[in-house]
Amino acid sequence: MLPKDSRLKTISDKKSGSNPLFPVFLKLNDLHTVLIGAGNVGLEKLTAILHNSPEAKVTVIALAILPDVHLLASAYQGVKIIQKSFSDGDLNNADVVIAATNDSELNNFIRQSAHDRKLLINVADKPELCDFYLGSIVQKGDLKIAISTNGKSPTMAKRLKEVLNESLPNELDTTLQQMSELRNSLSGDFAYKVRKLNEVTSVLVEPTRPAKKNLIWLIWGAIILAIIVAVTALWFNEPAFKTFALTIKPEFYYFLGAGFVFALIDGAIGMSYGVTTTSFSLQMGIPPAAASMGVHLSEIMSNGIAGWMHYRMGNINWKLFKMLLVPGIIGAVSGAYLLSSLEHYSQYTKPFVSLYTLILGIVILSKAFKTGVKKSSDKIKRIGLLGLGGGFIDAVGGGGWGSIVLSTLIAGGRHPRFSLGTVKLSRFFIALMSSITFIAMLNSKHWEAVAGLVIGSAISSPIAAKISNKISAKAIMVAVGVIVILISIKSIVAFLGKVL
């Protein structure tokens, strides 16, 4: 119950001229709804009713009836269609009335007939004639949110519905079921139950969360560590880096442009940066281990920026993040160590990495032509193994964390937006640890390529999201798939030509 002061404040809000409508949720299963009109507007109203209350009792009255109305009604036992002109007596057994005709005089007659019987009526597209509005509905299982603009802009209500549908995770229904079980298990008086439930749900509205604050410090600490490690290793241990700083070769600009473009592509579809960059690097003559190092060094900055943006937008599933992080780091470090140990045999490992990128290219191309992602009813549960395998393959092949981990999470029923944000943030730590391992193991001479990728991808990251909204994801995936497949095949053919 609200404190007295809060109740008085709420009552005083009436003077501010805000929306005066009182929201209610009707049990249409127990009421008789009469819908007059069976054109496009009538079909829209009937669809809304049955979508929210599949067992509703509805009588549709109209002279002209769309075939789609008959088709929809045939799937619901509670719907009855009467093909006739409306008469005053049609409302004798009605509880709720909806007028959806394009005849103003008829709508006024229906409204008067409803009011004579003290019935509430909704008149389509005529707010001034309505006793109630049919708001846009957002539903996540048992959670149902109705949106009203007081009849001012149904279009705005629909847009808000789209935003909430995308933003609210499907996991909310699971939370509701758990809260229901908790409420039923509580003993004691009403005041105790309310106090206990308030304690449990207080985490949903806490303005600050210590765990997330600690994570922010962890992210910034990791960024600083990455900069210190990279600068120390490059400046003090690599004379080649000093030479590079004084004389920039054309290779730098090639990889600068490639890093920028590939990061834009990754921002559009949430994957493929590693595989496209690795394929390009191998084609440019970079050994597999050095190519993977370049990818991961560049991803420290780009994924750090992307992860921070997703954090600010609330797109992180923290439980999923924790389950992915440690196994992913272990897999990434192991893969980086193995690939670095085989650097002297790069002429033999290169075709295997090219074969791997070829497979990923085919996977990306196949996803582009799928009409939809088939989600399983059960979410993937072995998150740790997924992170371990994804981290290892990502380090060995120079890419695959997004293609493997993100695709698997979404296909397993995870929310796409929260999966993308979580994978991006965890990728920052995976890239950091892989890079440290590569720097410690390798004596690379390809700093032009590394620097180009780092700068190009960092510049691209903040604008990738905006550009991706204007580009067809399918077109990008097709282009990426074709390019990766062709480059990988060319690399494999070149190797076989040398061997044979």
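Analyst: Gladly! Two strands pair if DSSP finds at least two bridges between them. Helices (H or I, at least four residues) and strands (E, at least two) are DSSP runs, numbered from the N terminus. This is a predicted model, where local features need pLDDT of at least 70 and side-chain atom pairs count only at pLDDT 80 or more, while totals for chains, interfaces and linings use all residues. Residues are numbered from 1 along each chain as its sequence is written, and side-chain values use heavy atoms, with hydrogens and water left out.

User: What makes β2 and β3 a pair?

Analyst: Strand β2 (residues 57-65) and β3 are joined in the parallel sense over 5 bridges, and the definition asks for at least two, so they pair. Within β3, Lys80 stands opposite Thr59.

User: Which strands are at the edges of the sheet?

Analyst: The open sheet has 5 strands in the order β3-β2-β1-β4-β5, with parallel pairing. Its edge strands are β3 (79-83) and β5 (120-123), as each pairs on one side only.

User: Where is Asn107, and why is Asn107 called buried?

Analyst: Asn107 sits in helix α4. Buried means under 20% relative accessible area, exposed over 50%, and partly exposed in between (1.4 Å probe, protein chains only). Asn107 has 4% relative accessibility, so Asn107 counts as buried.

User: Which residues is Asn107 in contact with, leaving aside its neighbours within four places in sequence?

Analyst: Contact means heavy atoms within 4.5 Å. With those neighbours left aside, Asn107 is in contact with Ala99, Thr101 and Val123.
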